[in-house]
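Here are some notes to read beside the model, written as numbered points. Please keep the sequence and the structure in view while going through them.

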Amino acid sequence: MGIKGGRPHAMTDVPLHYCPGCTHGIVHRLVGEAIDELGVEGRTVGVASVGCSVFTYNYFNCDMVQAPHGRAPAVATGIKRARPDNVVFTYQGDGDLAAIGTGETVHAATRGENIVVIFINNAIYGMTGGQMAPTTLPGQITQTTPYGRDTATAGNPLRVCELLSSVDGVALAQRVTVDNVKHVREAKKAIKKAFQYQMEGRGYCLIEVVSTCPTNWGLSPTDSLQWLRDNMLPYYPLGVYKDVGEKEAKE
């Protein structure tokens, strides 16, 4: 009897360190499956960011590089320009990508760097204790906003896909989530498309995954998924915000 649903070859046989209910593991698997199906493991280079996913380099069989906080797009740019035949992706959280790394993110996109960015948005700083992040929702309670995020003083959350959709160098900007089977399948399709676009030389691709953080939200894994549906998805609507391939097809 054959094994169904085994570990992707592009992932190592190492237990993940993430908290119970965290969706990082699901997204890791989808990236691994995309690499397997495209047959590019031997020429793929991943760039790990700083945050909960700092140990990403332990979980993929492809070459991995550890970048300083927020600098994953710059590191990925250097790798891709030096080795254009390699398939290069970054894996970043919202604190890394949308706070200290905002400048790197916007300018890599503006230059149309031919890389894939996997962006995990769980609306909080996870690894460092649950502080407010650029993506924290209005009124959301965190360690540094015990009375809820006050937009009058802290500003409004940053919507990354909407921001990057206006940038000419972006080939694909899509927001997905992994809270149910249907959404997992859609996320897998989006991630694979991003890698395919890179292989076709189309430019910068970002897949934003709206995710959970049960530990810092103070919720059970089940309740955190419902909180995501009730609170995050209305503020961060799923969908394709820019797709040069779809535009070409219509033309």
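1. A residue counts as buried when its relative accessible area is under 20%, as exposed when that area is over 50%, and as partly exposed in between, with a 1.4 Å probe and the protein chains only. Helices (H or I, at least four residues) and strands (E, at least two) are DSSP runs, numbered from the N terminus. This is a predicted model, in which local features need pLDDT of at least 70 and side-chain atom pairs count only at pLDDT 80 or more, while totals for chains, interfaces and linings use all residues. Residues are numbered from 1 along each chain as its sequence is written, and side-chain values use heavy atoms, with hydrogens and water left out.

2. Strand β3, residues 87–93, is largely enclosed by the rest of the structure, because 7 of its 7 residues are buried. In a regular strand the side chains alternate between the two faces of the sheet. For β3 both faces are covered, with Val87, Phe89, Tyr91 and Gly93 buried on one side and Val88, Thr90 and Gln92 buried on the other.

3. Which strands pair with β3, where pairing requires that DSSP finds at least two bridges between two strands? Strand β1 pairs with β3 in the parallel sense over 5 bridges, and valine 45 stands opposite valine 88 in β3. Strand β4, residues 116–121, also runs parallel to β3 and is joined to it by 5 bridges; here phenylalanine 89 has valine 116 in β4 as its bridge partner.

4. At the β2 end, 4 bridges join β1 to β2 in a parallel run, and alanine 48 stands opposite glutamine 66 in β2.

5. Two packed helices are described by the angle between their axes and the distance between the axes. The axes of α2 (residues 72–82) and α4 come within 8 Å and cross at roughly 35°. Pro73, Ala74 and Thr77 of α2 make the contact with Glu104, Thr105 and Ala108 of α4.

6. Not counting residues up to four places away in sequence, serine 53 touches Tyr18, His24, Ala48 and Tyr91.

7. Cysteine 213 is found in the loop between β6 and α8 (214–217), and at a relative accessible area of 9% it is buried. Leaving aside neighbours within four places in sequence, cysteine 213 is in contact with Asn122, Ile124 and Gly126.

8. Tyrosine 241, by contrast, is found in strand β7 and is partly exposed, with a relative accessible area of 25%. Its contacts, not counting residues up to four places away in sequence, are Cys161, Glu162, Ser165, Ala173, Gln174 and Arg175. Tyrosine 241 and aspartate 63 are 178 residues apart in sequence and 30 Å apart in space, C-alpha to C-alpha.

9. Proline 146 is found in the loop between β4 and α5 (151–154), and with a relative accessible area of 48% it is partly exposed. The C-alpha atoms of proline 146 and serine 165 are separated by 33 Å, although the two are 19 residues apart along the chain.

How values were computed: Axes fitted to C-alpha atoms, helices over the stretch in contact; angles between N-to-C directions. Contact = heavy atoms within 4.5 Å. Pairing = 2+ DSSP bridges.
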